[in-house]
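Here is a walk through one protein model, meant for someone who has not looked at it before. Keep the sequence and the 3D view at hand while reading.

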Amino acid sequence: MKVFQTICRQLRSSKGFSVKPAALVDFSTSSYLCGRKKKVNPYEKVDQEKYSHLVQSVVSFKGRAQTPESLLEEDALLYGPVSKSKSSKQDEETKGPQNWFPIFNPERSVKPNTSGTSIPLKIPLQRKIIPSVTRILQQTMTSEQIFYLERWKQRMIQELGEDGFAEYTSNIFLQGKQFHQALESILSPQGNLKERDENLFESGYIESVQHVLKDVTGVRALESGVQHETLKYVGLLDCVAEYRGKLCVIDWKTSERPKPYIQNTYDNPLQVVAYVGAINYDANYSFQVQCGLIVVAYKDGSPAHPHFMDAELCSHYWAKWLLRLEKYTEKEKNQNIEKPD
């Protein structure tokens, strides 16, 4: 023991050597305290006094609340005002026809001439180079109309097949033809009831229009041709008669689906006003028509939907018809230019 104490004294007295008590170690049973290192916050090293004025200005700033209106103002300031473009369909409806021609003839009297009108006129249709109303409407359909028509056709072909669809369209055409023959026989004062084909009158279409026929009087023309000399088109109208006291061009239509509104009849109003405008300038007719009537009949015999068109509504659709006529003329002109000599 004395030897150990002597050695320790010698070591203490030697230079560059010192003995310090060891630090106390706390052995904790928690692995969390042993394994985790203390995180250092980097913001503690920032001179907060130096930047305190900047922090205070940011926190105390109160800007204007953002609203949709303010955002639009900022966008307009940065990028300029928004230019809203109209669709081609809206452009066609708003620009109007370039060459205006009135639907009503100012040189003809509005009052109907009742003398010698017991026999309805039936002017033969002069099939010339002049296009028909039907052709003009078919050749100037919008892309939207063409799309829906083609989609309906493809669906019917998938359901019925090519031959079945051809038979279906043939039957529809035949039913429409028989319907018009029956109406012509009913409205013509020359027809003999005993000589009429009773099969035509058993159709649901005739039953469908019975309530409309009660209001139709004073028939002036039946299945009669018209021609507009100035605008260069022809057509074959169904009937000109008084409906509830108003002289109208009447167009009889058949449908398998209900069409309670005139918008459901697609281009039928344009067809009617085309006939109205033509008849008012055709020398074969001495009277003037200012109204139209579209009657949609149904095969099941349910009551037909009559769509009456007064003078104002006819004028509205007349402007649309003139646009379609101009479109057809322009199309034909372009096709003639593209044809080789």
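**Cavity, salt bridges and rings**

With four residues, helix α7 gives the most to the lining of the largest cavity. The model is a predicted one, and a search of it finds one cavity of 30 Å³ or more. About 40 Å³ of space lies in this largest cavity. Its lining is made up of H180, L183, E184, L187, L222, E223, D238, C239 and W252. The elements that give two or more residues to this lining are α7, β1 (216-228) and β2.

The structure holds six of them. In one, the side chain of E184 meets that of K122, with N and O 2.6 Å apart. This pair joins distant parts of the chain: E184 belongs to helix α7 (residues 143-187), K122 to the loop between α5 (88-95) and α6 (133-139), and 62 residues separate them. How exposed are the two partners? E184 counts as partly exposed because its relative accessibility is 21%, and buried would require a value under 20%. K122 counts as exposed, as its relative accessibility is 51% and the cut-off for exposed is over 50%.

A second salt bridge is formed by D267 and R324, whose closest N and O atoms are 3.0 Å apart. Here too the pair links distant parts of the chain: D267 sits in the loop between β3 (246-255) and α11 (268-279), R324 in helix α12, and they are 57 residues apart. Are these two residues buried or exposed? Both D267 and R324 are buried. For R324 the relative accessible area is 11%, so it counts as buried.

What does R324 touch, apart from residues up to four places away in sequence? Its contacts are I136, L137, T140, M141, Q145, D267 and L270. D267, the salt-bridge partner of R324, is therefore also found in this list of contacts, since a salt bridge needs a nitrogen and an oxygen within 4 Å and a contact needs heavy atoms within 4.5 Å. The helix that holds R324, α12, covers residues 311-338.

Another of the salt bridges joins K253 and D251, with 3.3 Å between the closest N and O atoms. D251 has a relative accessible area of 3% and is therefore buried.

The aromatic rings come next. In the whole structure there are eight aromatic pairs. Y233 and W321 form one that is edge-to-face, with 5.1 Å from centre to centre and 75° between the planes. It counts as edge-to-face because the angle between the planes is over 60 degrees. This pair, too, links distant parts of the chain: Y233 is in strand β2 (residues 233-243) and W321 in helix α12, 88 residues apart. Both Y233 and W321 are buried.

Elsewhere, W152, F165 and Y168 form one aromatic cluster. A charge and a ring also meet: R220 lies over the face of F287, at 5.6 Å from the ring centre.

Helix α12 holds R324, the partner of D267, and W321, the partner of Y233.

Technical notes: Residues are numbered from 1 along each chain as its sequence is written. This is a predicted model: local features need pLDDT of at least 70, side-chain atom pairs count only at pLDDT 80 or more; totals for chains, interfaces and linings use all residues. Side-chain values use heavy atoms; hydrogens and water are left out. Buried means under 20% relative accessible area, exposed over 50%, partly exposed in between (1.4 Å probe, protein chains only). Rings of Phe, Tyr and Trp (its six-membered ring) pair if their centres lie within 6.5 Å; planes under 30 degrees apart count as stacked, over 60 as edge-to-face and the rest as tilted. A charge sits over a ring if NZ of Lys or CZ of Arg is within 6 Å of the ring centre and within 35 degrees of the ring normal. On a 1 Å grid over the protein atoms alone, a cavity is a set of points where a 1.4 Å probe fits but cannot get out, and a pocket is an open set with protein on both sides within 12 Å along at least five of seven lines; lining residues have an atom within 4 Å of a point. Grid points are joined across faces, edges and corners, and a volume is the space filled by probe spheres set on the points.
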